[in-house]
Amino acid sequence: MKKVKPEPFKIKMVEPISKISRKKREEALKRAGYNLFSLNSDEVYIDLLTDSGTGAMSDNQWAGIMSGDESYAGSNNFHNLSNTVKEVFDYDYTIPTHQGRGAEQVLFPILLDEGQFAISNMHFDTTKAHVELSKGRAVNLVIDESRDTSKYHPFKGNLDLEKTKEFINEKGADNIGFIIITITCNSAGGQPVSMKNIKETSKLAKKYGIKVFMDAARFAENAYFIKQREDGYENKTIKEIVKEMFSYAEGFTMSAKKDGIVNMGGIIGIKNNKELYTKARSRVVPLEGFPTYGGLSGRDMEALARGLKEGIDFDYLDYRIGQVKYLGEKLKEAEIPIQEPVGGHAVFVNAGKMLPHIPYDQFPAQVLGNALYLESGVRGVEVGSLLLGRDPETKENLKSPLELLRLTIPRRVYTNNHMDVVAKGLIKVKDKVDQLKGLEFTYEPEVLRHFTARLKPIKE
Ligand code: F0G
């Protein structure tokens with residue numbers, strides 16, 4: 001029997017879920033325009049759309065909710081949050097925001113002049129959008145290994161340092177606004193970045209006078225992989241690893257809805273640059289709120305302060321990432337192609353490989369996601385050409401290097417029995433993939449089309 005980490009918690013409260021009939025799922029999908037984003041949550045049995053804000057808070061976090069200090073200025077919970085940021089990251093300045101993109105909209109315009117580049121291993125969608133809204137340009141320079149799903153590399157989220165150096169030399173250091181390292185690299189499959197890579201990125205950036213930031217949404221999961229996979233870190237605590245990772249950066253933006261294990265929240269963290277902090281603090285007021293709440297209520301900040309500490313607990317991370325791996329292994333055993341090694345927050349299924357008969361502009365990963373929903377009521381999310389959109393100039397559909405179906409596991413929510421249902425469903429779909437048909441638009445929004453597009457299966 002496989003060794004599986006048991007949950008390091010017991011369950012105090014439950015939320016019933018149930019599966020509607022296949023006929024009802026068919027009706028729901030049709031009504032939703034073959035877009036899983038448009039389903040109602042009670043039409044979904046196991047919801048793997050995202051790990052963002054979908055985690056279960058602990059009794060300790062819920063107790064924190066009751067000690068919310070809702071003062072407009074100087075809330076106790078803000079002090080608790082900024083003390084926690086100091087303790088965990090060793091950063092002097094904390095600005096709460098309503099979520100990750102709130103942090104991005106406050107910080108990026110300070111860091112970017114018109115036309116300047118932001119370099120990342122891979123920008124998340126909203127991160128790219130906020131670079132562009134700040135009139136900057138987003139460039140992704142992740143290592144090539146991340147695009148080969150079957151090839152093992154312990155740190156597929158690494159920034160390609162050679163390419164970065166060449167890019168800086170070509171464009172000139174003055175034209176680079178900042179480097180932002182996404183940990184873990186969500187778009188590459190929740191893949192980690194090594195400490196060595198973070199350290200060398202920081203060294204390279206320093207040489208050119210460029211600032212380094214972290215997109216810290218899944219910082220704790222990244223630290224876990226460093227402990228498991230990088231020489232010299234096996235005996236360090238997650239907390240020590242986190243401190244070292246962040247010592248190489250100037251600041252971070254964080255969606256706290258992931259490793260902060262809260263349903264809503266974000267943070268701008270700044271190591272010690274008072275001038276940068278002062279600028280960000282003035283911008284947060286009109287955009288998010290007074291600097292000691294930044295769009296969050298006192299109780300939210302308290303839950304987050306507590307969540308940040310729970311999120312770096314080794315036993316929790318071992319169970320959490322073990323569960324994602326458990327699902328990945330089940331799929332691998334059934335010869336379903338996935339991004340390997342399995343990442344921190346999700347299993348990414350290579351739909352391009354599984355459905356080679358469906359061209360990229362008929363969205364194979366969306367087709368696979370819909371088939372999985374019909375089969376077992378499980379909702380995943382497409383990360384491929386539907387998400388990528390069109391070339392702004394030629395209006396042609398862009399071809400994503402990978403067509404992935406992301407099965408994203410919420411934190412502390414589902415058990416491995418649920419993972420078995422997911423695997424079984426996908427295995428059943430695998431046996432009939434050649435019957436699946438591509439999709440075409442009946443309505444295509446101009447921006448961020450994947451959220452609200454309506455589609456229909458193509459008839460031959
Ligand atoms: N950065 C990364 C790496 C993210 O994954 C996300 C959100 C954000 C920034 C934005 O944060 O949603 O709090 O405003 N990712 C979610 C996902 C939505 O499903 O992967 P936000």
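The following dialogue takes up the terms applied to this predicted model and the values behind them.

User: What should be kept in mind about numbering and confidence here?
Analyst: Residues are numbered from 1 along each chain as its sequence is written, and side-chain values use heavy atoms, with hydrogens and water left out. Since the model is predicted, local features need pLDDT of at least 70 and side-chain atom pairs count only at pLDDT 80 or more, whereas totals for chains, interfaces and linings use all residues.

User: How do you know where domain 1 and domain 2 run, and how far apart are their centres?
Analyst: The bounds come from an automatic or database domain assignment, which divides the chain into domain 1 (22–51 + 313–457) and domain 2 (59–310). Taken over C-alpha atoms, the centres of domain 1 and domain 2 are separated by 26 Å. Contact, meaning heavy atoms within 4.5 Å, takes in 28 residues from domain 1 and 32 residues from domain 2.

User: What is the area buried between domain 1 and domain 2, and what does that area stand for?
Analyst: The size of an interface is often given as the accessible area lost when the parts come together. Buried area is the accessible area (1.4 Å probe) that two parts lose on being put together, summed over both; between domain 1 and domain 2 this is about 2400 Å², with carbon and sulfur atoms giving 53%. Five salt bridges are counted between domain 1 and domain 2.

User: How many salt bridges does the whole structure hold, and why is the one between Glu87 and Lys239 said to tie together separate parts?
Analyst: A search of the whole structure finds 32 salt bridges. In the bridge between Glu87 and Lys239, the closest N and O atoms are 2.7 Å apart. Glu87 belongs to helix H3 (residues 76–89) and Lys239 to helix H9 (residues 238–247), so the pair links parts that are 152 residues apart in sequence; helices here are DSSP runs (H or I, at least four residues) and strands likewise (E, at least two), numbered from the N terminus.

User: Why are Glu87 and Lys239 called partly exposed?
Analyst: Buried means under 20% relative accessible area, exposed means over 50%, and partly exposed lies in between (1.4 Å probe, protein chains only). Glu87 has 32% relative accessibility and therefore counts as partly exposed, and Lys239, at 29%, also counts as partly exposed.

User: What joins Lys456 to Glu440, and which elements hold them?
Analyst: Their side chains meet in a salt bridge at 2.8 Å, N to O. Lys456 lies in strand S14 (residues 454–457) and Glu440 in strand S13, so the pair ties together parts that are 16 residues apart in sequence. Elsewhere, salt bridges that share partners join Asp51, Arg218, Glu221, Asp259, Arg320 and Arg411 into one network.

User: What makes the phi of Ile261 worth noting, and is the residue buried or exposed?
Analyst: Most residues other than glycine have a negative phi, and most peptide bonds are trans. Ile261, however, has a phi near 50 degrees, a positive value in a residue other than glycine, and its place is in the loop between strand S7 (251–255) and strand S8 (266–270). With a relative accessible area of 2%, Ile261 is buried.

User: Where are cis peptide bonds found?
Analyst: One joins Ile183 and Thr184, with omega about -20 degrees, and Thr184 lies in the loop between strand S5 (176–182) and helix H7 (195–208). Another runs from Glu340 to Pro341, with omega near -5 degrees. Glu340 also forms a salt bridge with Lys332, the closest N and O atoms being 3.2 Å apart.

User: Why is Val429 called buried, and which residues is it in contact with?
Analyst: Val429, in helix H16 (residues 416–430), has 3% relative accessibility and therefore counts as buried. Leaving aside neighbours within four places in sequence, Val429 is in contact with Leu368, Ala371, Leu372, Glu375 and Leu436.

Definitions and conventions:
Salt bridge = Lys/Arg side-chain N within 4 Å of Asp/Glu carboxyl O.
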